[in-house]
Amino acid sequence: MENTVLEWKDIVKKRDRMVLGPVSLKLQENYVTALIGRNGSGKSTLIKLAAQLIHPDEGEVMWFGQSYPHGLPAEVRSAIAYVPENFVSEEDGLKMDDVAEFRAAWYSNWDWQRYEELLHRFEVPGGKKLNKLSKGQRRKFEIAAALAIRPKLLLLDEPSSGLDPFAWKTMMNEIRRCVEEDGATVLLSTHIVEEIKRMADYLILIDKGRSLGLLEKDTLLDRVREVWIARDDELLAELPGIVDSALESENLSRFVTLDYVGAAALMEEAGIKPIRVRTLDLDEAMEYWMNGSISSV
Ligand SMILES: Nc1ncnc2c1ncn2[C@@H]1O[C@H](COP(=O)(O)OP(=O)(O)OP(=O)(O)O)[C@@H](O)[C@H]1O
């Protein structure tokens with residue numbers, strides 16, 4: 001049986017102009033899950049709850065099967081790395097190495113070799129104060145420091161923001177390495193389809209503070225198809241999961257279904273063979289999902 005590393009259980013968090021939740025979601029061990037959704041939908045709020053930077057108004061967050069409403073104990077906290085979207089200003093005037101020393105003392109699994117190696121690969125100049133780093137360099141430092149913790153749970157809020165393409169590729173490889181070699185579980189919020197394609201095993205879609213569910217990426221791709229058949233309006237009206245349809249010519253219909261297995265079974269029953277079937281790209285499939293068209297499994 002798979003282990004649950006993180007769980008949001010009936011979570012409600014009230015924000016100025018919106019309410020996140022109720023949300024119930026679980027992350028299984030050793031997978032990468034991408035949080036997707038429009039700006040302001042609640043992705044960072046969910047991640048901050050997972051980092052216990054904020055507390056829910058209702059419900060509870062569980063880490064490794066337990067809730068800690070009065071604060072994460074040191075051994076649990078030291079298994080969790082968090083790279084925020086915006087960095088804390090209290091550390092601005094400190095030198096990188098001093099911040100690293102501080103974190104090394106705090107996190108029991110801190111790996112100096114990994115930290116140095118990552119800074120070298122990211123080409124971040126050593127010894128600088130954090131506020132003297134460029135935005136991308138600062139993010140590289142934070143990613144290196146997060147990975148140096150050798151976390152069991154890695155929380156990344158839009159990690160690629162401001163990274164150059166070389167650093168972006170290094171980051172993606174290193175995150176996968178962290179999952180494959182260290183058995184880490186990763187949650188990252190992103191707007192970048194390529195990042196989801198390359199890294200994510202699962203997707204969570206957040207829309208206006210609500211979860212539209214958690215789907216395996218491959219399941220999403222398997223479900224959605226664009227199909228062309230000889231015109232049969234009666235059959236088309238019965239097919240499941242139709243989200244888009246058009247008459248291409250007098251005798252040719254085209255439709256998109258979110259339940260291709262169900263649609264194919266009905267077509268077979270009716271003795272209709274599709275003329276053409278197209279698998280959608282991830283960004284197209286995600287767009288249908290975002291439009292509220294697919295429920296989670
Ligand atoms: N500290 C806060 N206090 C009050 N409201 C907040 C706070 N932080 C965020 N919000 C509000 O909560 C909502 C969700 O914000 P959140 O940052 O979680 O969205 P997001 O999905 O991460 O957005 P983006 O993709 O733009 O980063 C927004 O309406 C935002 O204005």
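Start at Glu 226, whose bridge partner in S14 is Arg 278. Before going further, note that this is a predicted model, in which local features need pLDDT of at least 70, side-chain atom pairs count only at pLDDT 80 or more, and totals for chains, interfaces and linings use all residues. Residues are numbered from 1 along each chain as its sequence is written.

Strand S11 (residues 225-230) pairs with S14 in the antiparallel sense over four bridges. Here strands are DSSP runs of E with at least two residues, helices are runs of H or I with at least four, and both are numbered from the N terminus; two strands pair if DSSP finds at least two bridges between them. Step back and you will see an open sheet of four strands, ordered S12-S13-S11-S14 with antiparallel pairing. S12 (242-249) and S14 (276-279) stand at the edges with a single partner strand each, so one side of each is left without a neighbour in the sheet.

The chain is divided into domain 1 (4-219) and domain 2 (225-279), with bounds from an automatic or database domain assignment. Their centres, taken over C-alpha atoms, are separated by 41 Å.

Now turn to the ligand. Among the residues that surround it are Arg 15, Asp 16, Gly 42, Lys 43 and Ser 44; a residue counts as near if its C-beta atom, placed from the backbone, lies within 6 Å.
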